[in-house]
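Please view the sequence and the structure below before reading on.

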Amino acid sequence: MELNNLVRENIRNLKSYSTARDEAEAGFSVYLDANESPFENGVNRYPDPKQKELKKIISSIYGIGSEKIFVGNGSDEPIDLIYRIFCEPKIDNVIAVSPTYGMYKVAAQINDIEYREVLLEDDFSMNPDKMLAATDKNSKIIFICSPNNPTGNLIDENAVKQVAKSFSGLVVVDEAYFDFSGEEGFIKKLADYPNIVVFRTLSKAWGMAGLRIGLAFADESIIGLFSAVKYPYNIGSETQNIVLKFLKNSPEEKIRQTISERERVADRIGKMSGVEKVYPSSANFLLVKFKDSKTVYNKLIDNGIVVRDRSSQPKCEGCLRLTIGLVKENNRLLSVLEGDNIVINTGRTVVLERKTKETSIYLKMDLDGNMDTYIETGIPFFNHMLEQLAFHSGISMRLNVAGDLEVDEHHTIEDTAIVIGEAILKAMGNKEGMARYGFLLPMDDSVAQVAIDLGGRAYLNWDVKFIKDCIGGISSDMFSHFFYSLAMASKSTIYISAKGENDHHIAESVFKAFARSLKMALKKEENSYGLPSTKGLL
Ligand SMILES: *Cc1c(COP(=O)(O)O)cnc(C)c1O
């Protein structure tokens, strides 16, 4: 490899910006060179553009000289720099495995560089001959991500070596996830492979994603070019200080735990019926092929769990990428995937699943009305009543009930009431700042009166006289039963009285009035942050 021939002409001729502190190695006590504020506040001075302290400790951690280390603003910086240094827009090209990390392509597009993708094999291994066959005289860089994102597998070391030996350009080996692989990687082998540039990051195993530190390791002639082209002060002084501090604590124990959790989660997911394949992983995530990944994805979202849908990536149809979290987070993931779950979201949202011999109910409820309402119980009149309940209370509900309607409506209505009641109770959380009481007095045309106390005591007072035995196909005593079950499950005191001349209207006015008073009781009161009780306890 002749480095000078690879570098763009403008960069070859670059005289890079000489920063204020380049000569200020030591011995100065008065800094009047950089137009900084002289008033000390901890950050009034420019940071060290060469990050000498930082590189010293990185050098000792990775066992490689400081002159072979580049410290960037996330891996995004060396990814972008390598294009800007080596690739002539509209002329040069790069080659990357596919599927892989999206930033290589984004940076290629930003820099107007042709990006060639070579599909991995079905087992996600890389065929080095195919990589080399995609190159031509304008190929400057080959990107290989190992362990690969999103597939999780290590790329065979010998295949990488073959590509590096035969290619006259640079080979980037992105080892962002290497800490989870138990292997050694290419940093120690750079002397034998002078055209390899290894990327590492402090964003993953080191737990510093928020600080934005990406590392590149390569021959010092290459690192020299990175340093010449980067923004002079690319890492802020506070960032350098915090990183220095964090680098003193080895993440080894956390890595060990993540690896053991990865194996546990992979094992459990591998046994689930909706799963087609769990791909082997050397990273801190799992790529899992589901029979119906869209449904799984939405169900996870409804339960407050976000994962990465990779199903649009080549060879990843039906695949979700699941990051390994804390033990309790992984357990929550597993329980949602396995289906028997009661999971509370943040805020005033709740998801309940309840399965009995008679009914199977799924309910997502948001007390503050931040989603669409969708109700399906199999009983049209009941749907209609619950839609009134949702609309007039301002509560969003996604409710799906599959009940034993071939017997009668009893279980469906009772269990729905229980789930709605439990959902209200759980979604209220600790009830801080909540109004607690709701009253609805009769207005001109209304015939129902409802009073509610959400304070924790379950009681129903029902004073509603229906004219007929059956309303909208539902036995009329089921209405009191519905509110009784709801009052018990939500631990609420509910007084309902209503009268009129048409059962449909009476029933509807009861649901509306109940919804309205529930809305009042659930409302967060401004200027009130305590519990709505003189006892300080609900
Ligand atoms: C997460 C990740 C990185 C790290 O990116 P930063 O910009 O350093 O946070 C790099 N490469 C791959 C393949 C990744 O998945």
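In this predicted model, four strands form an open sheet in the order 8-9-11-10, and their pairing is antiparallel. The edges of the sheet are strand 8 (275–278) and strand 10 (308–309). Each of these two strands has a single partner strand, so one of its sides is left without a neighbour in the sheet.

Strand 8 runs antiparallel to strand 9 (residues 285–290), and three bridges join the two. Within this pairing, Val278 has Val288 of strand 9 as its bridge partner. The sheet also has a helix lying across several of its strands: helix 11 (residues 293–302) lies across strand 9, strand 10 and strand 11 (319–323). The angle between helix 11 and strand 11 is about 35°.

A further antiparallel pairing involves strand 1 and strand 7 (residues 213–217), which are linked over five bridges. Here Ile69 stands opposite Phe217 of strand 7. Is strand 1 (residues 69–73) largely enclosed or largely open? Four of its five residues are buried, so strand 1 is largely enclosed by the rest of the structure.

| Strand pair | Sense | Bridges | Residues opposite each other |
|---|---|---|---|
| Strand 1 and strand 7 | antiparallel | five bridges | Ile69 and Phe217 |

The next topic is the packing of two helices. The axes of helix 4 (residues 76–86) and helix 8 (residues 220–229) come within 10 Å and cross at roughly 100°. An angle from 65 to 115 degrees counts as roughly perpendicular; helix 4 and helix 8 are therefore roughly perpendicular to each other. On helix 4, the contact is made by Pro78, Leu81, Ile82, Arg84, Ile85 and Phe86, while helix 8 contributes Leu225, Phe226 and Val229. Of the residues in this contact, eight are nonpolar, one is charged and none is polar.

Finally, the nonpolar cores may be considered. Which residues touch the most other members of the largest nonpolar core? They are Met365 and Phe482, in a core of 56 residues. Helix 16 (residues 503–522) gives the most to this core, namely ten residues. Leaving aside residues up to four places away in sequence, Met365 touches Arg348, Thr349, Val350, Met371, Ile395, Ser396, Met397, Ile420, Ala423 and Ile424. Another core, of 47 residues, lies apart from the largest one and includes Ala159, Val173, Leu190 and Leu211.

Definitions and conventions:
Residues numbered from 1 in each chain as written. Predicted model: local features only at pLDDT ≥ 70, side-chain atom pairs only at ≥ 80, totals over all residues. Heavy atoms only, no water. Axes fitted to C-alpha atoms, helices over the stretch in contact; angles between N-to-C directions. Parallel < 35°, antiparallel > 145°, perpendicular 65-115°, else oblique. Contact = heavy atoms within 4.5 Å. Nonpolar A, V, L, I, M, F, W, Y, C, P; charged D, E, K, R; others polar. Buried < 20%, exposed > 50% of the residue type's maximum accessible area, 1.4 Å probe, protein only. Pairing = 2+ DSSP bridges. Core = buried A, V, L, I, M, F, W, Y, C linked by side-chain atoms within 4.5 Å.
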